[in-house]
Amino acid sequence: MNASVTAGTERAGAATAARTGAGFSLGRALRVTEKDLRLGPRSPIFLWAILLPVVLTFVLTAVFGTLFAAPPRLGIVDAGGSAVTSALRDAEGLVVVEVDDATELRAAVEAHDVDAGLVLGAEFDETLAAGGQPEMEFFVSGSSLTSDRVILGVTTVSVLREQAGQSPPVDVVVTQVGDADVVPVEDRLLPLIVFYAVVIAGMFLPAASLVDEREKRTLDAVLVTPTRMSEVLLGKGVLGVSLAMAMGVITLWLNGALTGRGPGLVVFLLLGAVMVAEIGLVLGCWARDSNTLFSAIKGGGLLIALPAFFFLFPALPQWVARLVPTYYFLGPIYEMANAGTTLGDHLGDLAIGVAVCVLLAPAVVAMGRRTERRAAITL
């Protein structure tokens, strides 16, 4: 018994001496990142971190009809190369498909390959220019949306009047009534999708990796080498931040939110990735096992996700969301994506978010030292 204790003490002392003599090494930290990246696809959590935001985006946009809402499709049979066809092809918000004959066009409309069909005769333009009434057939698909039928009908009539040299009979003025600040629900869901993209990759992945290595005792084996706990934490944090950034950018791109606001959004994505990665490292060092970790994430997950739910329900008092640290990257992302604000409009939020990350750093260091001491005792 005494021999066993003595041997364990000697191994712990040797490991401590090796770490003390080696000094901190960025190269060893990056080797931890490389190792986790290489082995990551074997982990269901790693794969889930990649798939979840993509799946959420496609499911939610399919439900609310933004991703798959195609513009109205108009099929045209033009026997005489009419200027009407060219004008319709140049019209915004339409997809024009030229078809060879009326029979084929009718079949395409019946099959809902196009929303409507237009048949123009060989001398359509000449008859129209002479003030006559050229024959024109217009087919409408029974499966087309009412809004698409209105758009196609109004656009076609407007083009015909223009070609005939007539001015529109009315001047339409569009006036928005009601709350002009209402954001469509699919846009209000964006912070929630971004939250899951960043948190699963940036927080859950490093935390689960640390707990898994402690349970399998591979972390003890690593700490016997000159590799320090600080290098392990940095390596896992770098992977979490990098993957969170990548999935956040992909999520914003899939939701069409990057155009014109990319730099500001990327800055706050980086802020959020660092913040949640630090929380994940603290949790990974604190949790005794996987069950403890999952319970903590279930309990605390709702709290850190709270700002996203406040954006989803704008009638709630929005100041409450500012009490949660994750607001300071989710809030600016929401405003820049939906209200057109810029990075300069959110410098105060950026300063608070950076302060949160700075305050979390000592907690990461303290929990890392605690884990290293435990490993030495175990050895």
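The model is predicted, so local features need pLDDT of at least 70 and side-chain atom pairs count only at pLDDT 80 or more, while totals for chains, interfaces and linings use all residues. Residues are numbered from 1 along each chain as its sequence is written, and side-chain values use heavy atoms, with hydrogens and water left out. Helices (H or I, at least four residues) and strands (E, at least two) are DSSP runs, numbered from the N terminus. Two packed helices are described by the angle between their axes and the distance between the axes.

**Helices α12 and α15**

- Helix α12 (residues 262-286) packs against helix α15 (residues 327-338) at an angle of about 160°, and their axes are 9 Å apart. Axes are lines fitted to C-alpha atoms, for helices over the stretch in contact, and angles run from 0 to 180 degrees between N-to-C directions.
- That angle makes α12 roughly antiparallel to α15 (angles under 35 degrees count as roughly parallel, over 145 as roughly antiparallel, 65 to 115 as roughly perpendicular and the rest as oblique).
- The α12 and α15 crossing is left-handed (the near helix is turned anticlockwise from the far one by less than a right angle; clockwise would be right-handed).
- On the α12 side the contact (heavy atoms within 4.5 Å) includes G264, L265 and F268, and on the α15 side it includes Y328, F329 and P332.
- The residues of this contact of α12 with α15 are 11 nonpolar, 2 polar and no charged. Ala, Val, Leu, Ile, Met, Phe, Trp, Tyr, Cys and Pro count as nonpolar, Asp, Glu, Lys and Arg as charged, and the others, Gly among them, as polar.

**Helices α4 and α7**

- The axes of helix α4 (residues 83-90) and helix α7 (residues 146-163) cross at roughly 130° and come within 10 Å.
- That makes α4 oblique to α7, and their crossing is right-handed.
- A83, V84, A87 and L88 of α4 make the contact with T155, T156, V159, L160 and Q163 of α7.
- By class, 6 residues in the contact of α4 with α7 are nonpolar, 3 are polar and none is charged.

**The sheet**

- An open sheet of 4 strands has the order β2-β1-β3-β4, with mixed pairing (two strands pair if DSSP finds at least two bridges between them).
- β2 (95-98) and β4 (136-140) are the edge strands, each pairing on one side only.
- From one strand to the next, the twist averages 20°.
- Strand β3 (residues 116-120) runs antiparallel to β4 and is joined to β4 by 5 bridges; L120 has M136 in β4 as its bridge partner.
- Helix α5 (residues 102-110) lies across β1 (73-78), β3 and β4, at about 165° to β3.
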